[in-house]
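Visitor: Here is a model I would like to go through with you. Please give me the criteria as we go.
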Amino acid sequence: MTTVLPPPSKRQKLATSILASNQVPPPQAPPSALQRIQFRDADTSAPQGPVVSLSLADLSPKNLSLLLNSLLGHTNPDDRLPYRFYDPLNNGVGEFDQERIVRAYVDGLTNTETVLEVPCRAEAVFRVKAVTRCSASISGHGESILATAFSPATSSRLATGSGDNTARIWDCETGTPLHTLKGHTGWVLAVAWSPEGDVLATGGMDNTLRLWDPVKGEAIGGALKGHTKWITSICWEPFHLQQEGRLRLVTASRDFTLRIWDTVGATTDLALTGHKGSVSCVRWGGTGQGVIYSASHDRTVKIWDAQKGTLLSTLSSHAHWVNHLALSTDHVLRTGHFDHKGSKGIPTTLADKRQRAKERYASATAGAGGLERLVTASDDCTMYLWTPSTSTKPLARMIGHQKQVNHVTFSPDGATIASAGFDNHVKLWNAKDGVYLTTLRGHVGAVYQCAFSPDSRLLVSASKDTTLKAWDVKSGKLAENLPGHKDEVFAVDWSPDGDRVGSGGQDKAVRIWRH
């Protein structure tokens, strides 16, 4: 269902004709003056090189990127990094705009002696192209598709959970079904790949957790029983924290509890009790020896010690159900030792893999001083940003949505937060301080989920209006409209190597999107 614009009114036609008849004056050249610039890291505020003087005519982001690379000693073209610059006149909120700097100089707000502190942030060296076409529409499920997840190792494997009581693994290279995972007796609500991509976990309305071998398509052992109501969310232990011979995961349920499972011994390690409502979402963080974050319909978020199972703290600011939560490190925890190259160039030994996963995690938290940030979304139409390891009080209250906020996610570089709401909008926020950035308008139905590309430059959203939309994060503009589904789109995921987007919904078909 694409949005059809109405024909222009008489007033709009008249305004257009008046605008066309007026001669547009040629743009004025910027004054031949110098401006002093100090680059600063957008996360840590550390100075990047010395203060330099630049002509106002040369203050384009492209020139600034070349200059900053030279100041930091990246003289070899292969070593140069793409940089993103922010507005120095608005405390780093918004994009750097050369015209705004020139206007401030002409208006006397700045002069040649003023040092403008320009926040900057290195972007991903690889670039993901916006998906533009549906490369495969694969039928197989007998009911709505409720969950999708790409393997961390390769974009050629996609797992889906459905209301037909099965999970399926799809071959995205050929656009064909690979395995049908039968065993559940209720809807499959959650699917999650292990960080190495060698085990798939599924949970659903039959209260059981099941493990599968994604290569053979066979069950690993029997159903893991313990919960007394639906399993709503699954999360694996971060790869760099795993003990040898112990592969653990945590599940959240409507029975008010969480359970940590030892998947090798097929037993419950710990049952985490304390919530007074359905647990809607769970994440396993990489701080210290591991902490578990759980969001619940009792309006609280609880933080647990993953080793002892003890409650560390409770975050209670929301006034209604907490629907979803996300960590600033979600992307690196999900992919472990894999980067955007997938299976190419990965370490061979387990120790090297663990070390690489640890380095990727340290790099992801370096901008925030080694701290994980947490964002929570609620039915009270608000979100809160937290640093749970230092304080139980929120960093920021993020308001703007007019209806319930259903889904929230951090960009892989940890710089931006995207939220999807039932008010048909996707909103972008600064992940450092929770400041509102922009609203992505285009959907004409509730937005159920969104997912960032691995380079953080693009965002894809799935909606009740049957479409997916790909957005340019920097400009806040629509990059691609992706119609094709015949009914509501419930789930979407962008592969960790950036090559494909997978989506599923009420039309029972999996669609694979590529550039």
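Guide: Start with burial: buried means under 20% relative accessible area, exposed over 50%, partly exposed in between, with a 1.4 Å probe and protein chains only. This is a predicted model, where local features need pLDDT of at least 70, side-chain atom pairs count only at pLDDT 80 or more, and totals for chains, interfaces and linings use all residues. Residues are numbered from 1 along each chain as its sequence is written, and side-chain values use heavy atoms, without hydrogens and water.

Visitor: Why does Thr202 count as buried?
Guide: Its relative accessibility is 0%. The limit is under 20%. Therefore Thr202 is buried.

Visitor: Which side chains make polar contacts with the side chain of Thr202?
Guide: His184 does, at 2.7 Å. Trp212 does too, at 2.8 Å. The criterion is a pair of N or O atoms within 3.5 Å; within protein, one must be able to donate a hydrogen and the other to accept it, and residues adjacent in sequence count only if both atoms are side-chain atoms.

Visitor: Where is Thr202 found?
Guide: In strand β11, residues 200-204. A strand is a DSSP run of E, at least two residues, numbered from the N terminus.

Visitor: How do you know that β34 and β35 pair?
Guide: Pairing needs at least two bridges found by DSSP. β34 and β35 (residues 501-505) have five, in the antiparallel sense. In one of them, Trp494 has Val501 of β35 as its partner.

Visitor: What is the order of the open sheet of four strands?
Guide: β5-β36-β35-β34, with antiparallel pairing. β5 (133-138) and β34 (489-494) each have a single partner strand, so one side of each lacks a neighbour in the sheet.
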